[in-house]
Amino acid sequence: MQVGFADRSIMSSCVKPLIQSEESPVVLLHGFDSSCLEWRYTFPLLEEAGLETWAVDVLGWGFSDLERLPSCDVASKRDHLYQLWKSYIRRPIILIGPSLGAAVAIDFAVNHPEAVEKLVLIDASVYAEDTGNLAKLPRAIAYAGVYLLKSTPLRLYANLLAFNSLPLNTSIDWMNVGRLHCLYPWWEDATVNFMNTGGYNVSAQIKKVKQKTLIIWGEDDQIISNKLAVRLHCELPDAVIRQIPDCGHLPHVEKPNSVAKLILDFVGEVSNKEAQSVSQV
């Protein structure tokens, strides 16, 4: 999809809905250095239940055409998402962000409250203070570190941390899917740019969130402590929290049926019968 922002237009990658609804659309973000393919299990469940569902690649990650690389700092990511919303969706959305995508969602909701009706935050990475010392690294060292991000051993290790338990063949499959976008020629430049510009620091914005929020958390998350889920629940003005047992850092990948059911119940725009048609794992 063509998205114009700043001084250019970008062919931006997303999964568009098969159906259009009169109700608020659901927009799915993804985590750090990931893509809309993160939602390949949960997306169909939401559509089958009747929700108008979009899965959007955040600027600088995913599969957009960034041959003419724009800045990939936080402000640019926010503006790109806003222009996509303004050009194609144009209605208040239920915005869903997992991991660092939760920081993207909070930043967007606070800056563009007219665009967001509700929030869903999944194992939210929202208390890290930007990219810390990484922003101060010499560019050569930053590029060397980013190069490691797409290495097979590091990606497999990340899967071991992210999931509660996955068969080896499934872990390899997710490793391959998770690093596909890293093969784009602009990926290293975009990631270094994000790191050097400081990244997300939304802890001060959390109490400014006006939208009703659902917090979903995997009980066995080894990456972000459940204590931070409780803290987030306390700091958000209007939030409910639901935990998924026997689940790690990416519930929408590991337990898609459970996540879809929680989202459907929270959205409240489908009948109980339709919501119950999505069986729990």
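Mentor: Buried means a relative accessible area under 20%, exposed means over 50%, and partly exposed lies in between (1.4 Å probe, protein chains only). This is a predicted model: local features need pLDDT of at least 70, side-chain atom pairs need 80 or more, and totals for chains, interfaces and linings use all residues. Residues are numbered from 1 along each chain as its sequence is written, and side-chain values use heavy atoms, without hydrogens or water.

Now the space itself. A pocket is an open set of 1 Å grid points with protein on both sides within 12 Å along at least five of seven lines; a cavity is a set where a 1.4 Å probe fits but cannot get out; lining residues have an atom within 4 Å of a point. Volume is the space filled by probe spheres set on the points, which are joined across faces, edges and corners.

Take the largest pocket. Its volume is about 1100 Å³. The lining has 42 residues, and the closest to the pocket centre are Gly 31, Phe 32, Asp 33, Ser 99 and Ala 158. By class, 26 lining residues are nonpolar, twelve are polar and four are charged. Here Ala, Val, Leu, Ile, Met, Phe, Trp, Tyr, Cys and Pro are nonpolar, Asp, Glu, Lys and Arg are charged, and the others, including Gly, are polar.

Next, the helices around the pocket. Helices (H or I, at least four residues) and strands (E, at least two) are DSSP runs numbered from the N terminus. Helix 3 (100-111), helix 4 (139-149), helix 5, helix 6 and helix 7 (187-196) each supply at least two residues to the lining of the largest pocket. Helix 5 gives the most, with seven residues.

Look down helix 5. Arg 155, Asn 159 and Ala 162 are its buried residues. They line one face of helix 5, because they fall within an arc of 70 degrees seen down the axis. The arc is taken from the directions that run from the helix axis to the C-beta atoms. Pro 153 and Leu 160 are exposed, on the other side of helix 5.

Helix 6 spans residues 168-178, and its buried residues are Ser 171, Trp 174, Met 175, Val 177 and Gly 178. These sit on the same side of helix 6, because they cover an arc of only 165 degrees around the axis. Leu 168 and Asn 169, on the other side of helix 6, are exposed. What covers the buried residues of helix 6 includes helix 5 (152-162) and helix 9 (251-254). Contact, here and below, means heavy atoms within 4.5 Å.

Helix 7 also holds Glu 188. This residue counts as partly exposed, because its relative accessibility is 21%. Leaving aside neighbours within four places in sequence, Glu 188 is in contact with Tyr 143, Val 146, Tyr 147 and Lys 150. Gly 60 is 128 residues away from Glu 188 along the chain, yet their C-alpha atoms are separated by 9.4 Å.

The largest cavity holds about 40 Å³. Its lining is made up of Leu 29, Val 56, Asp 57, Val 58, Leu 59, Lys 77, His 80, Leu 81 and Val 104. Six of these lining residues are nonpolar, one is polar and two are charged. Helix 2 (residues 74-89) gives the most to this lining, with three residues.

The second largest cavity holds about 30 Å³. Val 27, Val 56, Leu 81, Leu 84, Trp 85, Ile 89, Ile 93 and Phe 108 line it. This lining has eight nonpolar residues, with no polar and no charged ones. Helix 2 again gives the most, with four residues.

Asp 57 of the largest cavity lining has another partner. Ser 35 is in contact with Asp 57, and also with His 30, Gly 62 and Phe 63, when neighbours within four places in sequence are left aside. Ser 35 lies in the loop between strand 4 (26-28) and helix 1 (42-48). Ser 35 counts as buried, because its relative accessibility is 3%.

Last, the cysteines. The count is zero disulfides, where a disulfide is a pair of cysteine sulfur atoms within 2.5 Å. For Cys 72, the nearest cysteine sulfur is that of Cys 182, 14 Å away. Both residues count as buried: Cys 14 has a relative accessible area of 19%, and Cys 72 has 0%.
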